[in-house]
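Me: Got a model open here and I'd like to talk through it. Can you take my questions as they come?

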Amino acid sequence: MELDTMTPAAITEELGSRLRQARLNADLTQAEVASRVGLSRRTVLNAEKGRVQLESFVAILASMDMVNQLDVFLPVQEISPIQLARLQGQSRQRASKTETKAARTTKDRPSW
């Protein structure tokens, strides 16, 4: 099954499974990883099931020298040339809400 057709819960389970396989490939026990990071073995176990806070997940990756994998997982996003022209020196803080022209003109009219 491809990731783009999976539910969020299934994706997190897949990430946990991959994390477990990476730990096994590194020949580390859950207790060893937990000790390196300062987490409980239970937290490592939960991470391998896909149920862990993001900070703990990243800490576990760091303990196995795999933080560089995050660049593959979620590369740095560049600002598009169109957005760059709109910003004109300002950094973007949030996404713009798309609103149809008809909705704007209806909203501006009095309700009587």
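Me: Where does G50 sit?
Reply: G50 is in the loop between α3 and α4, with α4 covering 54–63. Bear in mind that this is a predicted model.

Me: Which residues does G50 touch, leaving out those up to four places away in sequence?
Reply: That would be T12, E13 and G16.

Me: How far apart are the C-alpha atoms of G50 and T12?
Reply: They are separated by 4.6 Å, although G50 and T12 are 38 residues apart along the chain.

Me: OK, switching to helices. At what angle do α2 and α3 cross?
Reply: Roughly 110°, and the axes come within 8 Å. For your selections, α2 is residues 30–37 and α3 is residues 41–48.

Me: So what do you call that arrangement, parallel or perpendicular?
Reply: Angles of 65 to 115 degrees count as roughly perpendicular, so α2 and α3 are roughly perpendicular to each other.

Me: And the handedness, left or right?
Reply: α2 passes α3 in a right-handed crossing.

Me: Which residues meet there?
Reply: From α2 you have Q30, A31, V33 and A34, and they meet R41, V44, L45 and E48 of α3. By class, the α2 contact with α3 has five nonpolar residues, two charged and one polar.

Me: What about α2 with α4, what's the angle?
Reply: α2 and α4 pack at about 105°, and their axes are 9 Å apart. This pair is therefore also roughly perpendicular.

Me: Who makes that contact?
Reply: On the α2 side, V33, R36 and V37; on the α4 side, A59, I60 and S63. Four of the residues in the contact of α2 with α4 are nonpolar, one is polar and one is charged. V33 turns up here, and V33 is also part of the contact with α3.

Me: Now pockets. How much space is in the largest pocket?
Reply: About 340 Å³. The lining has 14 residues, and L15, R18, F57, Q69 and F73 lie nearest the centre of the largest pocket.

Me: Which helix gives the most to that lining?
Reply: α1, with six residues. α1 (8–25), α4 and α5 (69–73) each supply at least two residues of the lining.

Me: And the makeup of the largest pocket's lining, by class?
Reply: It divides into 11 nonpolar residues, two charged and one polar.

Me: What's the volume of the second largest pocket?
Reply: About 230 Å³.

Definitions and conventions
Residues are numbered from 1 along each chain as its sequence is written. This is a predicted model: local features need pLDDT of at least 70, side-chain atom pairs count only at pLDDT 80 or more; totals for chains, interfaces and linings use all residues. Side-chain values use heavy atoms; hydrogens and water are left out. Axes are lines fitted to C-alpha atoms, for helices over the stretch in contact, and angles run from 0 to 180 degrees between N-to-C directions. Helices (H or I, at least four residues) and strands (E, at least two) are DSSP runs, numbered from the N terminus. Angles under 35 degrees count as roughly parallel, over 145 as roughly antiparallel, 65 to 115 as roughly perpendicular and the rest as oblique. A crossing is left-handed if the near helix is turned anticlockwise from the far one by less than a right angle, and right-handed if clockwise. Contact means heavy atoms within 4.5 Å. Ala, Val, Leu, Ile, Met, Phe, Trp, Tyr, Cys and Pro count as nonpolar, Asp, Glu, Lys and Arg as charged, and the others, Gly among them, as polar. On a 1 Å grid over the protein atoms alone, a cavity is a set of points where a 1.4 Å probe fits but cannot get out, and a pocket is an open set with protein on both sides within 12 Å along at least five of seven lines; lining residues have an atom within 4 Å of a point. Grid points are joined across faces, edges and corners, and a volume is the space filled by probe spheres set on the points.
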